[in-house]
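Visitor: I would like to learn how to read the features of a chain like this one. Please show me the general idea each time, then the case at hand.

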Amino acid sequence: MATEKVVALLERSDPSHLKPCDSTEIQETGEGKVMTSYLMDCRRKQKLMCQQLCVLDEMLKLLAGIESAEQFLNEPCPPKPGSEARAAWKALKAEYHQQVQEVEGLIVTLEDNMTELHNKRQRLEALLVALETKKAECKEKESAAAKRKQKAENQLSLQLEDSLQTAQNALRVCDKRLTELKGEVEEQLARVADWTLYRDRLHDMLEVTQNNMQYRLLSVSPSELCLELLPCSTQQSLQPLCLSVTMTTDDLFHLQVFQGTAGLLEESVEGPVRQLSAALLEVMQHYISQGEMLAEIQALHSRFAIDWCPAKRLLIFLKSATTVCHLELDEGYPSAGKARLVCVRKDGNLLDLATLQPPVVNPVLTDWLEFLSSNPDL
């Protein structure tokens with residue numbers, strides 16, 4: 001559509017449609033000189049005749065107004081005849097020259113416009129040629145692209161056919177393998193059922209074994225294991241005791257006891273691996289030997305804000321933000337020792353202990369804490 005508009009514009013601006021007046025042809029034929037001399041002679045004759053007619057007209061007007069010869073002699077000299085017509089003629093001549101200059105200016109402008117139009121026409125023709133060239137190139141590229149696309153589609157179709165055949169072959173192989181696997185799965189399911197029964201029996205045996213054992217394994221690493229000692233044979237409800245055992249490359253062990261909330265003094269034992277069982281038994285016996293005291297302290301942890309220092313056998317009771325009580329337990333408590341109030345500090349000042357005595361004889365640690373927590377003077 002754009003190309004058709006461009007072609008129509010070029011046809012309308014064709015220079016053959018313009019028919020300027022060519023004066024060179026007239027001059028070359030010689031007719032120009034004859035016409036020029038003829039026109040100049042006519043103009044001179046017309047000018048002379050016009051002047052004579054003007055003089056004649058003035059004379060007739062003058063004679064028509066004179067009644068006697070004396071009046072003719074006494075009349076002043078009349079003005080030069082034809083002066084008004086000459087003034088009008090000069091005005092027309094000046095207007096003619098002005099219009100000639102305007103026409104010449106328009107002719108120059110027209111020539112410039114024609115030159116610009118010619119240049120634009122040349123550029124437009126060049127652009128049209130370039131457009132036609134691009135159009136031909138685009139057609140060639142489209143044709144080549146269509147051929148490549150057709151070739152690619154053919155190759156893709158062949159590849160899809162090959163892939164489809166391969167997939168069908170693979171599907172047949174998979175169906176065959178699936179049938180074989182179904183048989184194997186059925187066999188394995190039968191075995192799994194047998195192993196499940198065996199696992200359940202082992203689990204029951206493991207639970208029975210763990211219930212009879214006095215320790216529980218928490219974690220295992222290549223060089224360290226963490227476990228809990230379970231004092232099940234005591235009458236007191238003691239908490240499990242956490243400890244870790246580290247093995248060395250020299251067949252030695254390092255046993256570390258953690259205090260935690262159990263209340264036992266943190267300690268470590270070292271020795272050869274063959275003595276590990278004896279060391280665990282010793283730690284268990286030491287823990288059980290203080291079972292009555294530690295069970296009481298462990299139970300009090302859930303009731304009071306206390307802190308147990310096994311190295312000093314000192315129990316710190318925090319009644320409030322300003323009141324702190326220190327109690328000391330004798331060796332062999334509670335069977336062979338007593339619980340004694342050491343000091344009470346309130347607002348940074350020590351209080352008199354003489355007035356602080358539970359209303360029972362030989363109060364145990366629980367009696368002391370209940371008395372101190374309910375005492376309104378503290």
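Guide: The turns below go through the chain as a whole, its sheets, its helices, its salt bridges and a surface patch.

Visitor: What should I know about the model and its numbering?

Guide: This is a predicted model, in which local features need pLDDT of at least 70 and side-chain atom pairs count only at pLDDT 80 or more, while totals for chains, interfaces and linings use all residues. Residues are numbered from 1 along each chain as its sequence is written, and side-chain values use heavy atoms, with hydrogens and water left out.

Visitor: How many helices and strands does the chain have?

Guide: Helices (H or I, at least four residues) and strands (E, at least two) are DSSP runs, numbered from the N terminus. The chain has 8 helices and 10 strands.

Visitor: What share of the chain is buried?

Guide: Buried means under 20% relative accessible area, exposed means over 50%, and partly exposed lies in between (1.4 Å probe, protein chains only). Of the 378 residues in the chain, 19% are buried.

Visitor: In what order do the strands of the open sheet lie?

Guide: Strands of a sheet pair through backbone hydrogen bonds, either parallel or antiparallel. Here two strands count as paired if DSSP finds at least two bridges between them. The open sheet has 5 strands in the order 1-2-3-4-5, with antiparallel pairing. Its edges are strand 1 (215-220) and strand 5 (268-272), each of which pairs on one side only. On average, neighbouring strands of this sheet are turned by 20 degrees against each other, direction ignored.

Visitor: Which residues stand opposite each other there?

Guide: Strand 1 and strand 2 run antiparallel, joined by 5 bridges, and form a hairpin with 3 residues between them. L217 has L227 in strand 2 as its bridge partner, and L227 in turn has L243 in strand 3 as a bridge partner. Strand 2 (residues 224-229) pairs with strand 3 (residues 241-247) in the antiparallel sense over 6 bridges. C226 is placed opposite S244 of strand 3.

Visitor: Which helix lies across this sheet?

Guide: Helix 6 (residues 276-289) lies across strand 2, strand 3, strand 4 (252-257) and strand 5, at about 15 degrees to strand 4. For such angles, axes are lines fitted to C-alpha atoms, for helices over the stretch in contact, and the angles run from 0 to 180 degrees between N-to-C directions.

Visitor: How do I read the two faces of a strand?

Guide: In a regular strand the side chains alternate between the two faces of the sheet. In strand 8 (residues 323-329), T323, C325, L327 and L329 make the covered face, and V324, H326 and E328 the uncovered one. Strand 8 pairs with strand 7 (residues 314-318) in the antiparallel sense over 5 bridges, and a hairpin of 4 residues joins the two. Strand 8 also pairs with strand 9 (residues 339-346), again antiparallel, over 7 bridges.

Visitor: What do the buried residues of helix 8 pack against?

Guide: They pack against helix 7 (291-301), strand 6 (306-309), strand 7, strand 8 and strand 9. In helix 8 (residues 365-374) the buried residues are L365, T366, W368, L369, F371 and L372.

Visitor: How many salt bridges are there?

Guide: A salt bridge is a side-chain nitrogen of Lys or Arg within 4 Å of a carboxyl oxygen of Asp or Glu. By this rule the count is 9. R303 forms one with E370, the closest N and O atoms being 3.1 Å apart. This pair links distant parts of the chain, 67 residues apart: R303 is in the loop between helix 7 and strand 6, and E370 in helix 8. Another joins E116 to K120, with the closest N and O atoms 3.4 Å apart. Both residues lie in helix 5 (residues 83-212), 4 residues apart, about one turn of the helix.

Visitor: Which residues make the nonpolar surface patch?

Guide: Patches are made of residues with over 30% relative accessible area and no salt bridge; like charges are joined within 9 Å, and nonpolar side chains (Val, Leu, Ile, Met, Phe, Trp, Tyr) within 5 Å. M35, Y38 and L39 make a nonpolar patch of about 340 Å². M35 belongs to helix 3 (residues 31-64) and is partly exposed at 45% relative accessible area.

Terms used:
Accessible areas come from the Shrake-Rupley method with a 1.4 Å probe; for residues, only the protein chains shown count as cover. Contact means heavy atoms within 4.5 Å.
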